[in-house]
Amino acid sequence: MRGELLNNEETWWSFPAEEIFSKLKTSKEGLIETEIKSRYDIYGKNVLPREKYKSLKLLLRQFKSPLLWILLVAVAVSAALGEVLNAVIILVMILLSSLLSFYDEYTSSRLVENLSKQIHYETTVIRNGKKKEIDISDLVPGDLVYISGGNRIPADLRLIHTNNLEINESVLTGESLTVHKQSNQISKSITRLQSLSNYGFAGTIVVSGEGMGIVITTGKNTEFGKIAQKTVEERPQTGFQKGISSFSKLLAKTIIILTVLIFLINAVLKHSVLDSLLFALAIAIGLTPELLPAVINVSLSKGAHAMSKKGVIVKRLIAIEDFGNIDILCTDKTGTLTEGNLSLSDYQNIEGKKDKNLLMYSNLCINQTKNKKIEPIDKAIISYSKKYIKESEISKFKIIDELPFDYERKRMSVIVRKDNKNILISRGSVLKILDASSKVLIKGKVSPLSKYKNIIDIQYKELSAKGYRVIAVAYKDVSKKIEYDTNEESSLIFLGFLLFSDPPKKNVKSAIDRLSLLGIELKILTGDNELITEHVADQVGIKLKGIVIGDEIEKLNDTQLQKVVENNTAFCRLTPLQKAKIIKALKQNGHEVGYMGDGINDVPALHEADVGISVNDAVDITKEDSDIILTKKSLDSLTQGVIEGRKIFSNTMKYIFISSSSNFGNMVSAAGASIFLPFLPMLPIQILLVNLLYDTSQLSIPTDYVDEDELKKPKKLNVDGIKKYMMIFGPISSVYDILTYFIMIVLFGASIALFRTGWFIESMITQLFVVFIIRTKKIPFYKSKPSLWVVLSILLVAIIVIAIPFSPLAGLLGFESPPLLFFVVLILMVITYLIIVEFVKGWFFRKYEF
């Protein structure tokens, strides 16, 4: 049946539309329900196949560490030499640690998948003779699909109708220039994808115009699907990822140097070469914060879950960190500062009078082909006009052709016929309509525009200053043609203005104040003029440092632009590329920039921003290119998201500070002990046990409370600061480790097993309890309380640590029960250690601000 219905070898581009309908057993009325179900059963969902064995790949990724592989080789060698028990124990430690990390990453990835299901992508089809919106995953071969500007084409389509349709096919061809599409059949001999002018390919983007096509292939059978199965596009690293990468390089250098040093010291001092190798590698594993990916993922997934409850859907987890650290938010006015509910308040010609033709012509400019959702401006015109214009009056005009809106012309036009006469009507930006006009209708007569140009300019500015969004209408008679193009938009007769209102949001001022308190500056990037922008800014309480228009930006070099974007608040009459240019300049100034947009004109800016933010009812391409999706376009939702992002960043930094300083201190202690002791200060098994228990306790860090002060301003991952922290706090723990060596040998005359037990307990207990100090810049418990899970996890692991030397596992792990006096000494050491760390912490954060 599959072969009868759809033959991928067919040259669909060479058939006329009627033959395609016949071959695909469909019609201009679309598919009927029984046929849809049948095809759905055959072809399944219109989605790309999910990655196979994803869980297995995630598990195997836990074993990527070169150090871990070297340790596994050493374990194999140890087993071959008869040390089977030790080899098995070490192997179990490695597996437990890896499985723990796998579990956390797996649950995080599942959460992201579930959140992604909340983002809907719909397309308009004809089924059973009716137009309807369906999820793109429900498309089947033979469906009739409408496409228009901003749509990402949902399947491979044979186009049967087009109207100035321009498509960007760079995702398939690599060519950035748009491709003009038409609907006529072409030669069968044409096979190059780039030459198929009557095809719309899945994944490509409609830049302007509109069209209708028949679905030929879906899912993995599309051209995009075939490529997607072979390659995966890598997203550029975020600022946080770059910081983590720099931190990893610092850690790698430290690990390599100390590991080699420890191995050489132990080997030279006549310890077993294998024992020395295992010891050095175990220490290296101990220094490596291998649970960092898990901690980050748990933090991010926890944050994403919390944000989803507040109307913020995270598409890409890692973007949450950067979302929390943005210090500039760029946004348009509409729907963010204003309600986004346009209403037509009035209309007038240049005499200030109502001209019914203005309203009539505006209605005729409303998209008549019904191939896309009605735009807000069109809805406002329809709603207003119901009182004044009858359907019978509109029906006297016949729509001949349409020239769709685009962001270069900033206008759209229709060609209508009445009384055997063709009229072109244009509606759009006042300045763009004026540019295309040469005459004006005044007192019922057509006069030269030049005589009234100044009057029109003054009226436009006055109306804009009152807060109206002003749109102009013009017209002219045109000769009869089969097809029209934008060259016809010249020598128009200016008719008058449409005045739209969009009131400011009620709570936007308080939301802007909250953003300011969070250290985020708001900048307005809009296509509207400077007068209405200034009016809205004044209404919502934004103090404008300055206003710059798009034409001025084009005259600036990079250095000049960087100064201008820093010193101004509003940027008006912008093209899509100018928006991106401004964001790039802000980033070059060292800012972390977020951009919120919902139209196809926002795509370049979303690409350029550190964090792209959109809304669930935005056009397809905008949603797909965003990192964060809001269920409602609101600054309040953004504020909540930023706070959550900062909490996550703060908790991630806690883990980095805690683990890097503690682990570095342990390595310094191990290196020192290796020089003076005739035996290994701790067995490889014991070091791995320390690592496993400590990492387990740290998995509660993502649940920790965050101090209010940490949320007040954006921060960046400071590798130099981490290095200083590690170099100062690590040696403090080393001093106490060395003190433990002295006490165990001199005070207790410890055997090798007791010595190792003493260091194991002291090292673990100090590492665990110092978390309460390091997790906050304030006085712990008194001014900053940890979460219950942090307290419980640390206490539980501490109990396990103390219990192990008294358990049946003690002999197996090389431990010995310590005397009661040891615990008295331990308590004194822990108390003094925590007091010293608290004082050093206060000094450190006063000296180094980050």
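Modeller: Contact means heavy atoms within 4.5 Å of one another. By that criterion, and leaving aside residues up to four places away in sequence, Ser662 touches Tyr694, Ser733, Gln767 and Val770. The model is a predicted one, in which local features need pLDDT of at least 70 and side-chain atom pairs count only at pLDDT 80 or more, while totals for chains, interfaces and linings use all residues. Residues are numbered from 1 along each chain as its sequence is written, and side-chain values use heavy atoms, with hydrogens and water left out.

Ser662 belongs to helix 25 (residues 635-676); helices here are DSSP runs of H or I with at least four residues, strands are runs of E with at least two, and both are numbered from the N terminus. With a relative accessible area of 4%, Ser662 is buried, a term that means under 20%, as against over 50% for exposed and partly exposed in between (1.4 Å probe, protein chains only). A polar atom of the Ser662 side chain lies 3.0 Å from the backbone oxygen of Ile658. Such a polar contact is a pair of N or O atoms within 3.5 Å; within protein, one must be able to donate a hydrogen and the other to accept it, and residues adjacent in sequence count only if both atoms are side-chain atoms. Ser662 and Val770 are separated by 108 residues in sequence, yet their C-alpha atoms are 9.1 Å apart.

Helix 28 (residues 752-774) packs against helix 31 (residues 820-847) at an angle of about 35 degrees, the axes being 10 Å apart. The contact involves Val770 among other residues of helix 28, including Gly758, Ile761, Ile765 and Phe769, and residues of helix 31 that include Phe822, Leu826, Met829 and Tyr833. Axes are lines fitted to C-alpha atoms, for helices over the stretch in contact, and angles run from 0 to 180 degrees between N-to-C directions.

Lys461, Ser464 and Ala465 of helix 17 meet Leu531, Ile532 and His535 of helix 19.

Another buried helical residue is Arg39, with a relative accessible area of 0%, in helix 3 (residues 33-43). Its side chain has a polar atom 2.6 Å from the backbone oxygen of Leu24 and makes a polar contact of 2.9 Å with the side chain of Glu35. In helix 13 (residues 356-364), 7 of the 9 residues are buried. The N-terminal end of helix 13 is capped by Asp355, a side-chain oxygen of which lies 2.9 Å from the backbone nitrogen of Asn357.

Turning to the strands, 5 of the 5 residues of strand 3 (residues 144-148) are buried, so this strand is largely enclosed by the rest of the structure. Leu144, Tyr146 and Ser148 cover one side, and Val145 and Ile147 the other. Strand 3 pairs in the antiparallel sense with strand 1 (residues 122-127) over 3 bridges and with strand 7 (residues 205-217) over 5 bridges; pairing requires at least two DSSP bridges between the strands. Val145 is the bridge partner of Val125, and Met212 that of Tyr146.

Elsewhere, 8 strands form an open sheet with mixed pairing, in the order 8-23-22-21-9-18-20-19. Strand 8 (312-314) and strand 19 (547-549) are its edges, each pairing on one side only. The twist from one strand to the next averages 20 degrees. Within this order, strand 21 (residues 593-596) and strand 22 (residues 611-615) pair in the parallel sense over 3 bridges, with Gly594 opposite Val611. Finally, strand 14 and strand 15 form a hairpin with 2 residues between them, and Lys443 in the turn has a positive phi of about 55 degrees. Their antiparallel pairing runs over 4 bridges, and Val440 stands opposite Ser447.
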